[in-house]
Amino acid sequence: MKKRILFMEMKISLPLYKIVYSILFIVILSLIRGVSVSFEIGIAMEPALAILAAAFCADTYALEVVSRRSEVWRLYPLKTRIRAVGRRLLLQQFFLLLVSAAGYGFFYLFQKPLAFRSIQPDAVSEAAQFYCFLAAEAVTIVFFSMLSNTLACLFHNLWCGIGGSLILWLLLDSAYAQRLLGSWNVFSYVFRNVSAADDWSWLCGKAVCLLFCIAAAAVLPGLLKRR
Amino acid sequence: MSIQINNLTVTFKHKVTAIDHASLEIPTGVFGLLGENGAGKTTLMRVLTTTLSPDSGTVTLDGMLYHEKNYAAIQKQIGYLPQEIDLYPNLTVQECLEYLGALAGVPQKLCKDRISNYLEKTNLTAQRKKKMRQLSGGMKRRVGLIQALLNEPAFLIIDEPTTGLDPEERIHIRNLIVDFSKDRTVLFSTHVVEDLAAVCSQLAVMKKGRFLYSGSMQELLDHARGCVWDCVAEDAAKARELEQRYRISSKQYVENGIALRILSRTKPDIDCRPQNATLEDAYLYLTGEPLPR
């Protein structure tokens, strides 16, 4: 039964139009965003996928409000509702992570960047770079998807979720935010010192993301209960 | 199961009062709720489904007070079909109902049995593998009703359940509601007066957030007894004149002129015959301006 419910959640939260636009987004990005060395791929992809995650996941619960199903949902046990929203978020985040991984490959395919080690011999391997990017990207996707869903639930409006996330994205993906927040910035992976392979200070920014996600998960029951 | 509403008031932004110190008792059986657009019917149903909190007044369900601490227990006993609901367009009818049944906490086997039973009763068995987006408005409405019945609620609240249904389907749905209402309470809100006449023995009429009437159908009909007249106006000019002087509940072109159904306490000054009041006449009698003498 759980498998069947998960399959239905997948049909609800991953409709064809979302799959198509997210794949188109990553294909177009990998075609138009120039990179010359492989370490630039992560830098090019992380902020772009953050805004894709915000737009993608803003309707996780808001679609229940828009279609007036939320009035029926109110009658269901709170735990069931939280689990349903949680499952949908996880499914969408997993899909976006797959899109990120595919996008990384598209950059290699279309842009043919130089291997990082060819210009800096002590740099980490290409595979290590990829896994590192995937870990950082996973946290960013979870952060922006939780942010947009929380804002959309708070204001009962999908566009508030997308708009609020966009404003934060614009503020954080800037040189000013980098000067102000340094390694505590959500986009610390983008602004990290790529030539220092042993510099892991960017993990602080990702820790901030995870703390926010825990807080967002904690307020979700209250938001779903709200009239 | 009985629902008691005492002195209930709900106000929205800009001091719009949707329900104004309303009191009502809803007994077991099908209870009709009738009223013009904006009368407060949907707001009342939202309070009863715990979607809205009232500003003042109390509601009890079998003695259990509508209060945050009791909401979980109350919600378990309610089934609700809102006026507008767009069920999951990408899911098939069967999947959609299984999904909503699982969310409602109905065990899988029981849920499947109930789905088969209700699909048959609503003539939707052939559509069970169709996607929700492929269904007509009337079919979607029937699926909406089934989702409200899946947890076999003790208190069923249905807002315009027959909208978009053809006459035969309306009769099916009405019969299903009557069957379901045995030992249960069904609050049936509609604009279609004949649907209420067919299924309810008790009803309430709302206007501007207040209950104008609450009681039996027969009593309401008795209110309008002796006030309904049928006549035929020979031409359009005469019909217009009568329309200005009397309240008209129906108008129809016939062979010898225009047949009019007049609501008036005294016999109109035209050749006419007294008629039995219908629920529509009684509703107009109750909600309109005072009748001409």
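At what angle do the axes of helix α2 and helix α6 of chain A cross, and within what distance do they come? This is a predicted model. In it, the axes of α2 (residues 16–32) and α6 (residues 78–111) of chain A cross at roughly 30° and come within 8 Å. Angles under 35 degrees count as roughly parallel, so α2(A) is roughly parallel to α6(A). The crossing of α2(A) past α6(A) is right-handed.

On the α2(A) side, the contact is made by A:Ser22, A:Ile23, A:Ile26, A:Val27, A:Leu29, A:Ser30 and A:Leu31. On the α6(A) side, the contributors are A:Leu96, A:Val99, A:Ala102, A:Gly103, A:Phe106, A:Phe107, A:Phe110 and A:Gln111. Sorted by class, the contact between α2(A) and α6(A) has eleven nonpolar residues, four polar residues and no charged residues.

Six strands form an open sheet in chain B, in the order β6-β7-β8-β3-β9-β10, and their pairing is mixed. β6 (78–81) and β10 of chain B are the edge strands, each pairing on one side only. On average, and with direction ignored, neighbouring strands of this sheet are turned by 15° against each other.

B:Tyr80 has B:Ile157 in β7(B) as its bridge partner. Helix α5 (residues 137–149) of chain B packs on the sheet here, touching β6 and β7 of chain B. The direction of α5 makes about 170° with that of β6(B). A further helix, α10 (residues 279–287) of chain B, lies across β3 (29–35), β9 and β10 of chain B. This helix α10 runs at about 40° to β9(B).

The domains of chain B come next. Domain 1 of chain B covers 3–221, and domain 2 covers 224–287. Taken over C-alpha atoms, the centres of these two domains of chain B are separated by 35 Å. Their contact takes twelve residues from domain 1 of chain B and nine residues from domain 2 of chain B.

Which elements of chain B each supply at least two residues of the side of domain 1 that touches domain 2? They are α7 (193–199), β9 (202–207), β10 (210–216) and α8 (217–223) of chain B. The residues on this side of domain 1 of chain B divide into ten nonpolar and two charged, with no polar ones.

Conventions: Residues are numbered from 1 along each chain as its sequence is written. Chains are lettered from A and ligands numbered from 1 in the order in which they are written. This is a predicted model: local features need pLDDT of at least 70, side-chain atom pairs count only at pLDDT 80 or more; totals for chains, interfaces and linings use all residues. Domain bounds come from an automatic or database domain assignment. Two residues are in contact if their C-beta atoms, placed from the backbone, lie within 7 Å. Helices (H or I, at least four residues) and strands (E, at least two) are DSSP runs, numbered from the N terminus. Ala, Val, Leu, Ile, Met, Phe, Trp, Tyr, Cys and Pro count as nonpolar, Asp, Glu, Lys and Arg as charged, and the others, Gly among them, as polar. Axes are lines fitted to C-alpha atoms, for helices over the stretch in contact, and angles run from 0 to 180 degrees between N-to-C directions. Angles under 35 degrees count as roughly parallel, over 145 as roughly antiparallel, 65 to 115 as roughly perpendicular and the rest as oblique. A crossing is left-handed if the near helix is turned anticlockwise from the far one by less than a right angle, and right-handed if clockwise. Two strands pair if DSSP finds at least two bridges between them.
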